Amino acid sequence: MDTILAFIMNMSAWHWMSFGVALLSFELMFPGILMGWVSISAFLTAVIVYLTGIVGLPAIVAFLVLGAGVCVLKKKCPNMCSKVCSKKGSN
């Protein structure tokens, strides 16, 4: 258990990116469980960790805040992707 906790507390940007890819592939294997939104927050956390170099608890808090923010954004604008795609197609 200590090994897992030590790994989580020392995750680099590549680890967060790999975590996002794993969540996204899980969503592709089992569609409809909404892991895609959580994978987006993992990708954004990877970018933040890469740019700032934070590790440990601040990175985990950033992941949780981004995950909640992505879910709130999804609920406020559920057709976000279709709106963006329709704007691109009308030009």
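Start with Ala-46: leaving out residues up to four places away in sequence, Ala-46 touches Ala-13, Trp-16 and Met-17. Touching, or being in contact, means having heavy atoms within 4.5 Å. The model you are looking at is predicted, so local features need pLDDT of at least 70 and side-chain atom pairs count only at pLDDT 80 or more, while totals for chains, interfaces and linings use all residues. Residues are numbered from 1 along each chain as its sequence is written, and side-chain values use heavy atoms, with hydrogens and water left out.

Let's step back and take in the whole chain. Helices (H or I, at least four residues) and strands (E, at least two) are DSSP runs, numbered from the N terminus. Among contacts between residues at least 6 apart in sequence, 48% join residues at least 24 apart.

How far can you trust the picture? The predictor's confidence in each residue is called pLDDT and runs from 0 to 100. The chain has a mean pLDDT of 80, and 79% of its residues reach 70 or more. Helix 2 has the highest confidence, at 91, and helix 5 (residues 80-90) the lowest, at a mean of 49. Where pLDDT is low, the predicted coordinates should not be read in detail.

Now for the inside. A residue is buried if its relative accessible area is under 20%, exposed if over 50%, and partly exposed in between (1.4 Å probe, protein chains only). Of the chain's 91 residues, 23% count as buried. Which residues make up the largest nonpolar core? They are Met-11, Ala-13, Trp-16, Ala-42, Ala-46, Val-49, Ala-59, Ile-60 and Phe-63, 9 residues in all. Helix 2 (13-29), helix 3 and helix 4 (57-76) each supply at least two residues of this core. A nonpolar core is a set of buried Ala, Val, Leu, Ile, Met, Phe, Trp, Tyr and Cys residues joined through side-chain atoms within 4.5 Å. In soluble globular proteins, nonpolar side chains tend to be buried together.

Not counting residues up to four places away in sequence, Ala-59 touches Trp-16, Thr-45, Val-49 and Ile-54. Between Ala-59 and Ala-42, 17 residues apart in sequence, the C-alpha to C-alpha distance is 10.0 Å. Ile-60 also belongs to helix 4. With residues up to four places away in sequence set aside, Ile-60 touches Ile-8, Met-9 and Trp-16. Ile-60 and Trp-16 are 44 residues apart in sequence, and their C-alpha atoms are 10.0 Å apart in space.

Helix 3 is worth a visit too. Apart from neighbours within four places in sequence, Thr-45 is in contact with Trp-16, Ala-59, Ala-62, Phe-63 and Leu-66. Ser-39 lies in helix 3 (residues 35-52) as well, and Ser-39 is buried because its relative accessibility is 1%. Setting aside neighbours within four places in sequence, Ser-39 is in contact with Gly-20, Leu-23 and Leu-24.

Val-61, in helix 4, tells another story: Val-61 counts as partly exposed because its relative accessibility is 42%.

Accessible areas come from the Shrake-Rupley method with a 1.4 Å probe; for residues, only the protein chains shown count as cover. Ile-4 is in helix 1 (residues 2-9) and counts as exposed because its relative accessible area is 52%. Together with Phe-7 and Ile-8, Ile-4 forms a nonpolar patch on the surface, with about 280 Å² of accessible area. Patches are made of residues with over 30% relative accessible area and no salt bridge, where like charges are joined within 9 Å and nonpolar side chains (Val, Leu, Ile, Met, Phe, Trp, Tyr) within 5 Å. A salt bridge is a side-chain nitrogen of Lys or Arg within 4 Å of a carboxyl oxygen of Asp or Glu.
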